[in-house]
Amino acid sequence: KLMSWQDFCAFLTDMLAMMGSRMRDIEPHLSEFVAVTPPVLLYLRMMRNLENIYRQTGDRLRLQGIQLQMRTLIHLLEQGAASGGYR
């Protein structure tokens, strides 16, 4: 489930309440770890994580597949930037 910032804060408040923490003490530090990101950049980050996993496990077939997908996505981003926007 994708959460809005308010949903995330509510979720975190519930979790921290179980640990005895207060959201108002934690929220100023959240921006270091949580950021609003365009979906395409989120996909690239997930792909980089998979790339590292496949590299570490020696799964060459999946490594090549994820690298191909990343190159394609980067190419689409570059085309979008050249036309004044991203996809």
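Q: How many residues does helix 3 have, and how far does it reach from its first C-alpha to its last?
A: Helices here are DSSP runs (H or I, at least four residues), numbered from the N terminus. Helix 3 has 19 residues and spans 27 Å between its first and last C-alpha, close to the expected 27 Å; that expectation is 1.5 Å times one less than the number of residues. This is a predicted model, where local features need pLDDT of at least 70, side-chain atom pairs count only at pLDDT 80 or more, and totals for chains, interfaces and linings use all residues. Residues are numbered from 1 along each chain as its sequence is written, and side-chain values use heavy atoms, leaving out hydrogens and water.

Q: Which residues of helix 3 are buried?
A: An α-helix has 3.6 residues a turn, so residues three or four places apart point the same way. Buried means under 20% relative accessible area, exposed over 50%, and partly exposed in between (1.4 Å probe, protein chains only). In helix 3, the buried residues are Val 40, Leu 44, Met 47, Glu 51 and Tyr 54. They lie on the same side of helix 3 because they cover an arc of only 85° around the axis, taken from the directions from the helix axis to the C-beta atoms.

Q: What does the face turned away from the buried side carry?
A: That face of helix 3 carries the exposed residues Arg 45, Gln 56 and Thr 57.

Q: What follows helix 3?
A: Gly 58 does, with a positive phi near 75°.

Methods:
Helices (H or I, at least four residues) and strands (E, at least two) are DSSP runs, numbered from the N terminus.
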